[in-house]
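This briefing covers selected features of one chain, grouped by topic. Please read it alongside the sequence and coordinates shown here.

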Amino acid sequence: MSASPVSTFDSKAFLQQATQAPGIYQMFAADGKILYVGKARNLKNRLSSYFRSSGLTLKTQALVSRIASVEVTITRTETEALLLEQNLIKALKPPFNILLRDDKSYPFLHFSDHAWPALSIKRTRHQRGPGQWFGPYPSASVVRETLQLLYRVFQLRQCDDTTFSNRSRPCLQYQIKRCSAPCTGEITAEAYADDLHHAKLLLEGKSQQVTDSLAAKMDAAAAELNFEQAGYYRDQIQQLRQLQLRQDVDTGMGDADIFALATAEGYCCISLLQVREGRLISTRHFNFENPLDASEESTLTAFVAQYYLARTSLPPASEILLSHELEDTDLLQQALSERFGFKSRLAHQLRSQRARWLDLATTNAEQQLSGFRSKSDQQQQRITALQAALGLEQPIQRMECFDISHSQGEATVASCVVFDEQGPRKQDYRRFNIEGVTGGDDYAAMAQALQRRYRRVQSGEFTAPDLLLVDGGKGQLNAARGILAELGLSGILLLGVAKGTTRKAGLETLFLETTDQQLVLPGHSPALHLIQQIRDEAHRFAITGHRQRRDKIRKNSTLEDIPGIGPKRRQALLRHFGGRKAIAEAGIEDLCRVDGINRALAEEIHATLHIH
């Protein structure tokens, strides 16, 4: 059912036709853009609450004043409505909903599908491919620490299958006791399988079972007078004990996700603490605005639902501990059960250790919110100063900056970073792989990136910025002005940021709109500091993308791509060096020592594969 998109929404006529069934509703502005998505057990009652004559907050009044049409979708159950609501919020990003930034990927630990499995970190949204996966984990640092522990204690192999198949002698990892060298038969299949089993038990949270098993093996080895093997098991046990002692929070048993909300003056911060086996393994903080001045209970309900049902593939813990009572506890519990296949306990009235966990989360949320507000105030002061320096009457709401990065014309990448009154909007960042231009032609590269970006702005796919910064001098500024004119885009102020003669911060040359109109700002100016921050972020984002692209191109070069390298010479190289990485790092003289490789061919291999 839909109301016609007219300038004044006839709420009375709409509500007369509204259903009392459960479902979701979508509110649209006169230009057809989504404003808000919500769900209801009774659609008519819920929608009526927006159009009552009194009792609405100012932000809800602002929402209602912009409504031109409302569309509803009936669902069979309220749980269905909740799931559909979260999917639509994720897809449409309505401005009046609380929006949680999407996580792009999660770290997993992966055992390869091999007779001698390797252990490595893989980042992805979901488990995929052969082998055995553990995760996803909420903290990459925790995963890296765990991986190093497993290498140190169980000495599982780290190399890829190609390197493993072509080793003729143990590598450095074996020498420093980080690998048991199954590639050259330094360990039996049975012993390696035993280490593998213990590593998996540890990842399943059964650390005590692993310790007990190793203790039994140590005692058995000592009884047989095999003191060297007993010492090996003793060292493993000691390292596992040290891991337990290093935990910052070690408070008994239990798995819990703890959500604490702090609010102040329209800003919110939610701190999420994740506890596994009684130990704190991860903390995350989410700062955002409260678009409708919703209650703390409503805000936390919306956040937790969106976090689990739309933004993460991480399953919840067996307990979800909350600083405020949720509005729809039973409904959310049922939705989580349907999504993940097990029931989590949601609780907000806590005692003993769980109360202390919640106190810790609440303290974190309050401190984070204080820091966020301070940073936000500083950002707003800088934007106000820049607005004054540029002589603008309207506030600056969105700024974009472009930069180019390459290595002598190789693997050119352009970056686009976006800032608003809250700082960087990293979900709006974009990179562009530049193709079809002369290597090192920064002007043409800048023009291509701007053309690709602002064609989509012209079509309405992206929001136009109030201020466009380009990192570079007159040539880049002219390229930007030409693209905007070509696309017929007006109302975007141009600012060129050229490095000074000494290339020191504070000595930049700023060109406003044209190359003959310079903007001079003192070194202590907050406006200049904002420009430098945005420019530096664009540079960082560009150079990171360039290095990734360059290394990918170089690393993806195969031996077979090199003229003169056939199957026999390839095998000879792999046998001699043990793997492709060692070949790429070898010098020309080292390559010449391989049978069948002359100097000319060695120079060709080196030029193609050697990474500087």
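Predicted model: local features only at pLDDT ≥ 70, side-chain atom pairs only at ≥ 80, totals over all residues.

Which residue in β19 is the bridge partner of L510? The bridge partner is L519.

- Strand β17 spans residues 493-498 and strand β18 spans residues 509-512; the two pair in the antiparallel sense over 4 bridges.
- Within this pairing, G496 has F511 of β18 as its bridge partner.
- β18 also pairs with strand β19, residues 518-519, again in the antiparallel sense, over 2 bridges.
- The hairpin formed by β18 and β19 has 5 residues between the strands, and in that hairpin E513 takes a positive phi near 70 degrees.

**Helices α14 and α15**

- Two packed helices are described by the angle between their axes and the distance between the axes.
- For helix α14 (residues 442-458) and helix α15 (residues 474-487), the axes come within 9 Å and cross at roughly 30 degrees.
- Because angles under 35 degrees count as roughly parallel, α14 is classed as roughly parallel to α15.
- The crossing of α14 past α15 is right-handed.
- On the α14 side, the residues that meet α15 include Y443, M446, L450, Y454 and R455.
- On the α15 side, the residues that meet α14 include Q476, A479, A480, I483 and L487.

**F372 in helix α13**

- F372 lies in helix α13, which covers residues 352-390.
- With 16% relative accessibility, F372 counts as buried.
- Leaving aside residues up to four places away in sequence, F372 touches Y267, N287 and Q422.
- N287 is 85 residues from F372 along the chain, while the C-alpha atoms of these two residues are separated by 7.1 Å.

**Cysteines**

- A disulfide is a covalent bond between the sulfur atoms of two cysteines.
- A search of the whole structure finds 0 disulfides.
- C183 is in no disulfide, and the nearest cysteine sulfur, that of C159, is 5.9 Å away.
- C183 counts as partly exposed, at 21% relative accessibility.
- For C269, the closest cysteine sulfur belongs to C268, 8.9 Å away, so the two are too far apart for a bond.
- C269 counts as buried, with 0% relative accessibility.

Key:
Residues numbered from 1 in each chain as written. Heavy atoms only, no water. Disulfide = S-S within 2.5 Å. Buried < 20%, exposed > 50% of the residue type's maximum accessible area, 1.4 Å probe, protein only. Pairing = 2+ DSSP bridges. Axes fitted to C-alpha atoms, helices over the stretch in contact; angles between N-to-C directions. Parallel < 35°, antiparallel > 145°, perpendicular 65-115°, else oblique. Left-handed = near helix turned anticlockwise from the far one by under 90°. Contact = heavy atoms within 4.5 Å.
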